[in-house]
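Open the model in your viewer and keep the selection tool ready.

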Amino acid sequence: MQTSSIYSTPVSYILRVVGLSEGDEAEWARTLDFAEAGAFDAVMCFNATGEMPPHPQLETIRERVPFLARRMADIRARGMSPMLNYFVTLGHGEAKPAAGMDRFQPIVDGLGHEPMGCYCPLDESFAAYLAEAFRLHALAGADSLWIDDDFRLYGRDGTETLQCFCPLHIGAFADRHDEAWTREALYERLLRTDDPDRELRARWFMLQGDSLAGLAAKLRDAVAAADPAAGMGLMVVPPFMNGLGGRRLDAEIDALRTPALPDPWVRTGGGFYHDERPLDLLDKIVNAVDPLPAMIGVPARLCGEIENYPFPAGYKSATMLRMEMYLNAISASGHLTFSIHDFYLGNHDPSGNVLPMLREAKPYLRAVAAALAGKVRRGASFPYHLHLAEVRALTPEGYASRWNVNLARLGIPQSPSDASPPLLIGTTANLYSDTEAEALLARGAMLDAEAYWILRERGLLAECPIGVVRGPQLGKIQTERVVCERAPHWLQGKNLAVRWHVSYLDGYSLEAAAGAEDWSLLLDAAGDRLSAGVVVTDRPYRLAVMLHAGEPMRELGRQWLMQEALCHVADSKLPPMVEGTLNHYPVWWEGDGEAVLGLCNFGLEAFPRMILRLPEGRRIVSAQRLARDGEWTDAAYGVSPHVSGSGLSLAMRGDSVPRPLSFETFRIRYAADH
C-alpha cells in the first residue's frame, strides 16, 4: 500500500457515449458537435446498444466492426481520441444472452444463485470467446479499449454473496491446495470472524484474484495482436466490492499493459447520479475515489467517473457537475470520464450552463493539477490496504466506510493510507494477529467498545486504564454530556443531541480509571450515568475508545469531540480541519515547503469567514487563492494561535470563503525554518 494517492497530473475530458446513433447520422454529428463544444479530448463509445443481449455471437460482432470503425474514424477526424467501452465482459446482472450463448459456466454465489448471462472467468471456452471478441473490436481502430466494471466477482444483480463458488473454482481450489470443500462449508468458514481462518481466506481470495488477472492478460494479448497501437482501460467498482471479490488490482493493471499504453487507464467507480442530496457527492468521493489509490501500488493512469443515470441531460445541474469534477480532480485525478448526455433524446443542454461550464472549468482544473504535482496527500481517515478481505468482516458494513463518511462531514480531511490513524471496530479486531494489532495500536488508534473488549480479552490491553464491561443492554440513552476539561466554553458540560440521529453499541459500557479520561458521559432520562461515550488515554498507546457506532454525528458538539479525539491519537500530526461549520470538506496536499488546500462547501449557508484548525502549527508565510481563470491571487486570510493552546487557526475571509455548493483552492507556503 502507498502512503499517498497516485495522482494523474494531466486534465482530460472523455465523453462516454452510450448510443451510437445507429441509422441516424445527423444525430451522430450532433453528438460530436456536443463533444467539441464541451472541450472534450476523447469520445468513448459503447461497443453495443443496451438492447443487444450480452455475449452476442462472434459473427454478430464481426458484422459490427466496420460500423464501429467508421465511428472511430469520425471521432479522430474531429481531433479527439476514439475509445471503445466493452460493456459486458462477465456480466452486470441477470440478462438473457444471445441464442446459443448460454453454454458457459455461470457465476455462482455462496448460496448457489446463478445469475443468467454472467459467466465464470475460469471457463476456458468463455475466456476464448471473450478474447476473440476483444480481438475483433480492436480491429475498429480505437486508441484504447476499456473493460467495464462488471469485471469483478462481487456485486451483481441476481446474487447476494461473495462469488464465485462454481464447480470450476471449487475444483481449482482443491487441485491447488489438495483439499476438498463443499460450497456451503467453504462459504460458512470464510465468513467467520469469531474463529477466523485468515490463512484459508488468503488462499481462497488469491484464487479469485488469479482468475480475474489471468483473464485480463488473455484479453490484452488479443487486443495487442490485433492492433499494437491500442491501449487498454479498466473500470472498477468501489473498494469494498474489490475487496470482497478478492481482486488484486496491481495484478490486473499489470496484465493490461500494452506497448502503446504502458500505464493502463483505471477509472474509479461510484456513481453520483443526481443532485437531490448534495452530500451524496461527498459520500461518493470518500467511499469510492479516496481509498482506491491507496490500494494501488503500481503505475496507472487514474481516471474519475462523472456519471448521470440513465444519462439524461439536465438530470444533474451544472453547479453540482462542476463540484464533482473538482472533487475528483483534487482528490485523485484530472482525467475525467463523463456520462452526462441523453442518448434517448439527443445531446442537449437545456439550461445552457453545462457546455460553457465545461470549457471554463478546464483552465482552473489544469492549474489545480499543476499545483499538486510532486505533492503528497495527507488526511486523518481510517486506512484501506491491499488485502482487506483478510482483516475485515466480509460484508459491506465490515469495511467501516460510514465512519470515513461521517468524519468527512465533520470537516476532517481524508486520505486512506498507512499514515492514517487506524479504526478497529467490532469483531474485525479478531482478524488481526497480536503482532498486527499491536502495530496498529502503536500508531495511535480509535476503537469501538466491542473491538476494545476483544483485544483486552486477548490480553493485548490488559494494563490499559480504560474499563470495559460487556453485559445486558444499557438502559435507554437519552443524553450525551461533554465533560472534557479542554472543551471550549460553549460546549463544556453541555448535552449533545442523541435521539433519532446517533447510534451506540448495545451491551457495552466504558469508564476511565486512573490514567484515562472520560470526555463524554451517556445518561438515561433520569440523568443517571449509563456509560462513558468517549474515553481517551496515552498508555500503553494513544487511544480513543467510544461507544458510538459510527452513524451520523453531524453537529458542532460532536465535530469538536471527534476532531479532538483524532488530535489526541495522532499526537496532533494532522492536516487542517474545518471548525465551527458543518458540510465543509478540506482536501490537503503538501511538499517542498508548500501545501495545496481544496475547500468545498456542500451546504446552503453562506459565511463571512471560514476557520481551519492547523494542529501541526507550522508557520505560514503566504496564502494564495486560485481564481476561476486559473491564475493565482492573494487570499484574504489571517493566522492566530489556536484557542486550545496548540497549533494555529487559519481564518479565510471574503472571496476566499467558498460559496454554497462551491469550492476554493489555496496554495500555502511555510517558513523555511520549520
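A cavity here is a set of grid points where a 1.4 Å probe fits but cannot get out. By that test, this predicted model holds two cavities of 30 Å³ or more.

**Stop 1: the cavities**

Select Leu574, Pro575, Pro576, Trp588, Leu614, Glu616, Gly617, Arg618 and Tyr670. These residues line the largest cavity. The space inside the largest cavity is about 60 Å³. Its lining divides into six nonpolar residues, one polar and two charged.

Now move to the second largest cavity. Select Phe382, Pro383, Tyr384, Arg392, Tyr399, Ala400, Asn404 and Leu423 to show its lining. Its volume is about 50 Å³. By class, the lining has six nonpolar, one polar and one charged residues.

**Stop 2: the whole chain**

Zoom out and switch to a cartoon. The chain carries 17 helices and 27 strands. Its radius of gyration is 26 Å, close to the 26 Å that the globule rule gives for 674 residues, so the chain is as compact as a globular protein of that length. Along the principal axes, the C-alpha trace spans about 75 × 65 × 45 Å.

Colour by burial next. Of the 674 residues, 61% count as buried. Then turn to contacts between residues at least 6 apart in sequence: 76% of these join residues at least 24 apart.

**Stop 3**

In soluble globular proteins, nonpolar side chains tend to be buried together.

Go back to Phe338 and show its surroundings. Leaving aside neighbours within four places in sequence, Phe338 is in contact with Tyr13, Ile14, Leu15, Arg16, Phe40, Ile306, Met325 and Leu358.

**Stop 4: helix H16**

Select residues 449-457, which form helix H16. Which of its residues are buried? They are Ala449, Ala451, Tyr452, Trp453, Ile454 and Leu455.

Now show what covers them. The cover includes helix H15 (434-442) and strand E10 (423-424). Strands E11 (445-448), E12 (466-470), E15 (508-512) and E18 (543-546) are also part of the cover.

Step just past the end of H16. There, Gly459 takes a positive phi of about 90°.

**Stop 5: the second largest pocket**

Finish at an open space. Select Trp490, Glu579, Gly580, Ile611 and Val643. Of the 21 residues lining the second largest pocket, these lie nearest its centre. About 450 Å³ of space lies in this pocket.

Which elements give two or more residues to the lining? Show helix H17 (556-569) and strand E22 (609-614). H17 provides the largest share, five residues.

Last, colour the lining by class. The residues of this pocket's lining divide into 10 nonpolar, six polar and five charged.

Conventions. Residues numbered from 1 in each chain as written. Predicted model: local features only at pLDDT ≥ 70, side-chain atom pairs only at ≥ 80, totals over all residues. Heavy atoms only, no water. Contact = heavy atoms within 4.5 Å. 1 Å grid on protein atoms, 1.4 Å probe; cavity = no way out; pocket = protein on both sides within 12 Å on 5 of 7 lines; lining within 4 Å. Points joined across faces, edges and corners; volume = space filled by probe spheres on them. Helix = DSSP H or I, 4+ residues; strand = E, 2+ residues; numbered from the N terminus. Nonpolar A, V, L, I, M, F, W, Y, C, P; charged D, E, K, R; others polar. Rg over C-alpha atoms; globule rule 2.2 N^0.38 Å. Buried < 20%, exposed > 50% of the residue type's maximum accessible area, 1.4 Å probe, protein only.
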